[in-house]
Amino acid sequence: MVFDAIAELLAEHNDCDASEITRDTTFAEMGVDSLDTVELVMKLEDKLDCEIELTAKVSTVGELVDFVEPLVQK
Amino acid sequence: MVKTPLCDLLGIEYPIFQGGMAWVADGALAAAVSEGGGLGIIGAGNAPGSFVREQISVVRALTKKPFGVNIMLLSPFADEVAAVCTEEKVAVVTTGAGNPSRFMEQWLGAGIKVIPVVPSVAMTKLVTRAGASAVIAEGGESGGHIGELSTMVLVPQVCDATDLPVLAAGGIADGRGVAASFMLGAAGVQVGTRFLSAHECSIHPTYKEKILKANDIATMTTGKRLGHPVRSLKTSFARAYFKAEYDSSVSDEALEAMGTGALRLAVVEGDLQNGCFLAGEIAGMVRREQPAAEIIREMFTEAEDVLKGAGRWVR
């Protein structure tokens, strides 16, 4: 569920298909800079109805999924 | 008289902050601005906590009025400086170059008002939720490290995204700029470049002279290749750096090394060959050296006239 939400937001950000995004996709290759990250996290919060305090450095979609997943289950 | 909620929030006479310019905004300048009725700010830049503590005592020896400290979040000493601000219980902390969330709890616990510089709507929402007291919407017209959006575009969108008072920054040096900021929804302004010309600003005389002589097209942006664009005066250093950026034989590391220490060389040595003279686009409108208090009075007297005349085209 978390992966799908992130993939969907990234696909929208990059005008690409969500199916092109995998756990190994890096934010750098998607052209996501630090400001985009804040934007992405805020949108993710709305989508998943949770609060995300991004304290870890994440560089791939998989890492973000692993960080966010426990917050959603709370 | 121009009064906004920002004046009541901080106990200041005029709703104006002096930008926390690294190497430039020391205790003497901050004290002069606070004494003049604005909010003076010490720029911590990349300096260690001991420097900031020293500057705080300089301000306190010169004024009883509130002042702030600007923390550059990318600084290797950010944690140390954050702790000094907490211990010294400064009235205001402004933050730049990042997300201040990790320090919010300690600052709010010490009764400090946190006012982050925000470059986007999402960041505005994030810091509003984290407990900020106001935000500074700084457009890319400003000097030093800059964001992509211009002040005209950023300020109204930030105002729409938060209920907190918003300070407009970037491209403001006279009363017209102040009045325009209010029209965009801001409750105050932050000004950097004009204070470079203040009597109490102790930058090298060459730096001051370059600012006073600058015209409308005197600044340029470098550093985009490394992802940290910077606005400065077009000096031989800036031109050489710009050239190196587009030269693929120059490595990122070499480029990084070229910029290291360049601000100090400008501020302290006035070195035109190797120094980076940070300045906002508005430098062309800064024409004479004056006391900080006079700069503030002049800007707000003019703003008042402009605001009073603002209805003249409405029929």
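1. Asp174(B), leaving aside its neighbours within four places in sequence, is in contact (heavy atoms within 4.5 Å) with Arg194(B), Met285(B), Met299(B) and Glu302(B). Asp174(B) is found in the loop between β8 (166–169) and α8 (175–183) of chain B, where helices (H or I, at least four residues) and strands (E, at least two) are DSSP runs numbered from the N terminus. With a relative accessible area of 10%, Asp174(B) is buried; buried means under 20% relative accessible area, exposed over 50%, and partly exposed in between, with a 1.4 Å probe and protein chains only. The side chain of Asp174(B) also makes a polar contact of 2.8 Å with the side chain of Arg176(B), a polar contact being a pair of N or O atoms within 3.5 Å, of which, within protein, one must be able to donate a hydrogen and the other to accept it, while residues adjacent in sequence count only if both atoms are side-chain atoms.

2. A word on the basis of these values: this is a predicted model, in which local features need pLDDT of at least 70 and side-chain atom pairs count only at pLDDT 80 or more, whereas totals for chains, interfaces and linings use all residues. Residues are numbered from 1 along each chain as its sequence is written, chains are lettered from A and ligands numbered from 1 in the order in which they are written, and side-chain values use heavy atoms, with hydrogens and water left out.

3. Glu141(B) lies in the loop between β6 (135–138) and β7 (144–145) of chain B. Glu141(B) is buried yet has no salt bridge, and the nearest side chain of opposite charge, that of Arg231(B), is 6.8 Å away; here Lys and Arg count as positive and Asp and Glu as negative, while His and the chain ends are not counted. A salt bridge is taken as a side-chain nitrogen of Lys or Arg within 4 Å of a carboxyl oxygen of Asp or Glu. The side chain of Glu141(B) does have a polar contact of 2.9 Å with the side chain of Thr151(B), and, leaving aside its neighbours within four places in sequence, the residues in contact with Glu141(B) include Ser150(B), Met152(B), Gly170(B) and Arg231(B).

4. The strands β7(B) and β11 (residues 230–233) of chain B pair in the antiparallel sense over 2 bridges, two strands being paired if DSSP finds at least two bridges between them. On β11(B) there is also strand β10 (residues 219–222) of chain B, joined to β11(B) by 4 bridges and running antiparallel, with Val230(B) as the partner of Thr222(B).

5. The open sheet of chain B has 8 strands in the order β1-β9-β8-β6-β5-β4-β3-β2, with parallel pairing. Its edge strands are β1 (16–18) and β2 (40–43) of chain B, each of which pairs on one side only. On average, neighbouring strands of this sheet are turned by 25° against each other, direction ignored; axes are lines fitted to C-alpha atoms, for helices over the stretch in contact, and angles run from 0 to 180 degrees between N-to-C directions. Between β1(B) and β9 (residues 188–191) of chain B there are 3 bridges in the parallel sense, and Gln18(B) stands opposite Val191(B) in β9(B). Helix α2 (residues 27–35) of chain B packs on the sheet, touching β1, β2 and β3 (67–72) of chain B, and its direction makes about 165° with that of β2(B).

6. How many of the 9 residues of α2(B) are buried? The count is 7 of the 9, so α2(B) is largely enclosed by the rest of the structure. Among the buried residues are Leu29(B), Ala30(B) and Val33(B), and the cover over the buried residues of α2(B) includes α3 (49–62) and α13 (292–308) of chain B.

7. Over all chains, the count comes to 19 salt bridges. One of them joins Lys208(B) and Glu289(B), with the closest N and O atoms 3.1 Å apart. This pair links distant parts of the chain, 81 residues apart, with Lys208(B) in helix α9 (residues 205–213) of chain B and Glu289(B) in the loop between α12 (262–269) and α13 of chain B. Lys208(B) counts as buried at 8% relative accessibility, whereas Glu289(B) is partly exposed with a relative accessible area of 35%.
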